[in-house]
Structures are given as structure tokens and as C-alpha cells.
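Keep the structure open as you read.

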Amino acid sequence: MKSKIACLLLGLFLAVPGLGKANMVPDTTGKQLEKPCDCESEETKHEHGMHRDWQAKMAERQKQLLSSVEKYTPDKKKEWEAVLKERNALRTKWMGPENAGKREQWKKEKMQKMTELKKQLDEGKITKEEFIKKVHGEKDMMKWKTFHDLSLAVEKNDSKKAAETLNQLLLQFKEHNAKLKEKLGE
């Protein structure tokens, strides 16, 4: 009888992930104990979710962007550098401790809006498509599509399309900087 219970408990601990970790004390020091993710394949990147070192990823993306600018629109390189410098400064300022209250207020309003939309969805007042459109409506998803278009143009070595896409992306970056300035109250 005891061996059956022991086997049952062992099976339970092995079958339910995290059950054995239930009594562990969480890390409240703020230090990251895990090593950064060094995923290579697309499949493992999605498994891990967002990478821990997003700043390095963003720096690498900016470096690639500037190399494309240098190749396809060299006449706008200084303008790009200025926009990216302003973007980085605004992001640093937004994420700084002096703007923690503004960030929390923005997050609170965003969550309130999302809760209200979820309630409308559950009540049948809006469709799932409308819900998704309204939730993601504030985000400028065009920037990600433009990045994708730029990648395709660079891959195909289509100078005309790459230059056109870079100009479009520059306008989107300027608009984003203006929105950040507005949030910061500048």
C-alpha cells in the first residue's frame, strides 16, 4: 500500500511541471539568475518568448538599418542618425525613474481600455475581429510590415524598393518620436 502511494506521488510530481518548485522562494533581488537566451533557430526563439537582451537586439537592428541606409539612401544618412539618436534618447527618458508615474498611468489606462473591450466582447457587443482591431489599433503595426518589406527588398537587392521603403520607415520613426515626445509632455 505504501509503495503504491509513493509511486502515485512520484508520478504526480513528475507529471505536473512546477509542482516540485512550488515551495521555492522567488528571487526578489532583481538580478537575473538565468543565462541570456542564445537561440539560433526560429523555433526555439518562439519557445523562449521575448529575449532577455532586447537592447542588444535593438542595437543590432539599428546597425543593420544604418548599413541599408548607407547602401540605398546615402543622402539621408545624417537624417537617419539624428532620428535614431533622438529615438534612443526619448526611449531612455521614457523608461527613466522620473517618468515611472506617467508609464504606470499609461499602462493603467491601457489595461482599463482592454478590460472594457473584453467585457464588450464577452457580452457580444463587438466581434473578435473588432476586439483585435481596437486592442491593436493604437500600435503602429505598419512599422513591422515596413521592416519586413525592407528585408525582402534588401534580400532581392531591389535598390528602388529598398530606398522607397527606407523613406517610408524614416517617416514612421519621426511619427513615433513625436508620439513619445507627446507622452513625455515635451
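## Helix 4 against helix 8

Helix 4 and helix 8 cross in a left-handed way. The model is a predicted one. Helix 4 covers residues 77-95, and helix 8 covers residues 159-184. Their axes come within 10 Å and cross at roughly 30°. An angle under 35 degrees counts as roughly parallel, so helix 4 is roughly parallel to helix 8.

Which residues of helix 4 make the contact? They are Glu 79, Trp 80, Val 83, Leu 84, Glu 86, Arg 87, Leu 90, Arg 91, Lys 93 and Trp 94. Helix 8 answers with a list that includes Leu 166, Leu 169, Leu 170, Phe 173, Lys 174 and His 176. Sort the residues of this contact by type, and you get 11 nonpolar, two polar and eight charged.

## Helix 3 against helix 8

Helix 8 also packs with helix 3. Here the angle is about 130°, and the axes are 10 Å apart. Helix 3 and helix 8 are therefore oblique to each other. Their crossing is left-handed.

From helix 3 come Leu 65, Ser 68, Val 69 and Tyr 72. They meet Ser 159, Ala 162, Ala 163, Leu 166, Leu 169 and Phe 173 of helix 8. Eight residues of this contact are nonpolar, two are polar and none is charged.

## The nonpolar core

The largest nonpolar core holds 14 residues. Those with the most contacts inside this core are Leu 65, Trp 80, Leu 150, Leu 166, Leu 169 and Phe 173. Helix 3 (54-72), helix 4, helix 7 (142-156) and helix 8 each give two or more residues to the core. Which helix gives the most? Helix 8 does, with five residues.

Take Leu 166 as a close-up. Residues up to four places away in sequence are not counted here. Leu 166 touches Leu 65, Ser 68, Val 69, Tyr 72, Thr 73, Trp 80 and Leu 150.

Ser 68 sits in helix 3. Is Ser 68 buried or exposed? Its relative accessible area is 11%, so Ser 68 is buried. Neighbours within four places in sequence aside, Ser 68 is in contact with Thr 73, Val 154 and Leu 166.

Met 58 also lies in helix 3. Buried means under 20% relative accessible area. Met 58 has 18% relative accessibility, so Met 58 counts as buried. Leaving out neighbours within four places in sequence, Met 58 is in contact with Arg 87 and Arg 91. Both Arg 87 and Arg 91 belong to the helix 4 side of the contact with helix 8.

Notes:
Residues numbered from 1 in each chain as written. Predicted model: local features only at pLDDT ≥ 70, side-chain atom pairs only at ≥ 80, totals over all residues. Heavy atoms only, no water. Axes fitted to C-alpha atoms, helices over the stretch in contact; angles between N-to-C directions. Helix = DSSP H or I, 4+ residues; strand = E, 2+ residues; numbered from the N terminus. Parallel < 35°, antiparallel > 145°, perpendicular 65-115°, else oblique. Left-handed = near helix turned anticlockwise from the far one by under 90°. Contact = heavy atoms within 4.5 Å. Nonpolar A, V, L, I, M, F, W, Y, C, P; charged D, E, K, R; others polar. Core = buried A, V, L, I, M, F, W, Y, C linked by side-chain atoms within 4.5 Å. Buried < 20%, exposed > 50% of the residue type's maximum accessible area, 1.4 Å probe, protein only.
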